[in-house]
Amino acid sequence: MPMEFINKKLNKSTKLILTLLLVLACIILTYMLDKGIIGTSYTVRIVRIAVIYSLIGVSMNLVNGFTGVFSLGQAGFMAIGAYCVGIFTIPVDARANVYYLEPISDKIAGFVLPFGVALLMGGLLAALFAALIGAPILKLKSDYLAIATLGFSEIIRAVIANEQMWPITNGSLGLKSIPGFTTLFAPVLISAAGITLMVLLINSSYGRAFKAIREDETAAESMGINLFKHKELSFVVSAFFAGIGGGLLATHLTAIDSNQFKIAVTYELLLIIVLGGLGSVTGTVISAFMISFGKEYLRFFDAAQSIGGWQIPIFRPGLRMVIFSLLLMAVVLFWRRGLMGRKEFSWDGIYNFFRKWPWRFKKLMRGDYKTEAKTKRKSIAAGKAIDSAASKSKRAGRKADKTADREKKKEVKADAE
Amino acid sequence: MLKIENLHIHYGGIHALRGVSLDVPDGQIISLIGANGAGKSTTLKAIMSLIPMTDGRVSFDGTDITRMQTRDIVREGVVLCPEGRRVFPDLTIAENLTMGAYLRKDKESIAKDTKWVYDLFPRLLERKWQLAGTLSGGEQQMLAVGRALMSKPKLLMMDEPSLGLAPIIIKNIFEIIKEINQSGVNILLIEQNAKAALEISHYGYVVETGTIVLCGPGKELLTNDQVRKAYLGE
């Protein structure tokens, strides 16, 4: 029986084939969901939300988890992207209905952009704002930075709802009649592409510098890393993808208003990245799916429930969020680094996990655990006699250890000389 | 090579350095010794522009580096191996070394230097793919020195390389410092372990409450009564 389990590595071509198979499986799954072969339109909606949150979650993790910059401005960047897509994709003939209180500004009244262009513009606009506010605020540290970014995101929301912005944003009435997705492939592919780009960035030399800054700013600076430049880069890229994610969200919901981009959204994203693991892309994606599905299937907490005619008092709208908060606390307390920590999904990891399995299973079948428990019980029954014998043998063992130590020291000394 | 003239630093209201001047000539190991809070680390941080200086002038190889950005100073060939190791714990050893060469573009010479670092510290080669946080204190110190060397410095500044290490490992580290110096890198060493530092230094400075109170060749300082009393506990 091997005492220490040795991890084995798969060869490269096997991994490539497995990865291709996984991608193929995802495509087939998406196709089946899209065509209604499996799941309902409800499932499709949840999957859409999940992939959009994956993208935004990874973008937030890029700043918070990989660069170690505590930013809480994601909702603001999402709002910019969402409004950009919303304003420019509503069909011209539907606009009079949307802007019914105050007509849309003449300058943009007849101006419609294709979805892709509007989405890209939303991302770029969010990135531009990030670049502008990044210059002053990225010099701040940890909690101060969090407050500044949070403030920024609230400012964006206030500006959107502002009276003077009504001809453009329709203020607190929000936007509706935004053309929705016709296929599940659009959000899935856009999110996948965005996440892939961010992974490439993380694995580049820039990404290594991000991680170095996260681990130790002073040491990173002493190595000659330009702290500001890298923080700004990570912040801007993150804002870009948050903008894209916001745009996707607007298209998914087909109706948006500024209240949807409150702090609660940032908080939810924070839950996703903390649960998935700060500094893990795959963790973020897994937890985005878990949270999105969980949020829907935990809805019974929000509805009144009764047992045999007696209505349980705590089951009421809002309990779902309490459960989420408890979940976050539990993760922080017991599972500090989230599901994946800073690790990523790897075929080697899966392979080794299953290789360990049968061995564990065999051990269980042989009853190693049982005998162990038996001897323990016996020793308790036998009482002191065994205890003293054990301590004797322990003492002897210690003696042996000491001599071994001395010998080792001698060896080390000889080596040094 | 490195010349510091009349360096003054203020931390809030505290006058931490009161006119420190020192020289690091070509090809030598210079050490700066002194008690806790004397201003040793502050001097190094000021040279690297990690903290702002109130007054003074620092020049390296004839260039004035007083007001330069840290990264430009690293480019000039000065590097700091910070106190308490400060390796990047969640990066592998290989990645830590790559970070050291961050400002360099020439892949071939980087590969050559990586090999050199692994030759200096074979332990690191064995654990190339291990996370730096899982290394022992001594190994982390080796990695910190190796990482600093990866920037191909002309002057390596070390802040307390012996901090919290077992005597046998300290001896090992100081041997390697000598070896690095012999390969053509100047060294400015900061130590509380005055004996070990002065033994390998060509020249030493003693700092006390922000000023240099004594200087002289390493061997001479070792026999100096004042130094023996204050720092060697004799």
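Colleague: Which residues of S3(B) sit on one side and which on the other, and are they buried or exposed?

Modeller: Start with the general idea: side chains in a regular strand alternate between the two faces of the sheet. Here, in what is a predicted model, Ile29(B), Ser31(B) and Ile33(B) are on one side of S3(B), with Ile30(B) and Leu32(B) on the other. Both faces are covered, and all of those residues are buried.

Colleague: Which strands do bridges join to S3(B)?

Modeller: Look along both pairings. S8(B), residues 186-191, is joined to S3(B) by five bridges and runs parallel; there, Leu32(B) has Ile190(B) as its bridge partner. S9(B), residues 203-208, also runs parallel to S3(B), with four bridges, and Tyr203(B) stands opposite Ile30(B).

Colleague: How many residues are in the largest nonpolar core, and which have the most contacts inside it?

Modeller: That core has 153 residues, with Met78(A), Leu156(B) and Met157(B) making the most contacts inside it. Helix H2 of chain A, residues 41-66, supplies the largest share, 13 residues. As for Met157(B), the residues it touches beyond four places away in sequence include Leu44(B), Ile47(B) and Leu188(B).

Colleague: And how many residues of each chain are in contact across A and B?

Modeller: 17 from chain A, against 23 from chain B. On the chain A side, H10(A) gives the most, five residues. By class, that side has seven nonpolar, four polar and six charged residues.

Conventions:
Residues numbered from 1 in each chain as written. Chains lettered and ligands numbered in written order. Predicted model: local features only at pLDDT ≥ 70, side-chain atom pairs only at ≥ 80, totals over all residues. Contact = placed C-beta atoms within 7 Å. Helix = DSSP H or I, 4+ residues; strand = E, 2+ residues; numbered from the N terminus. Nonpolar A, V, L, I, M, F, W, Y, C, P; charged D, E, K, R; others polar. Core = buried A, V, L, I, M, F, W, Y, C linked by C-beta atoms within 7 Å. Buried ≥ 20, exposed ≤ 12 C-beta atoms within 10 Å, placed from the backbone. Pairing = 2+ DSSP bridges.
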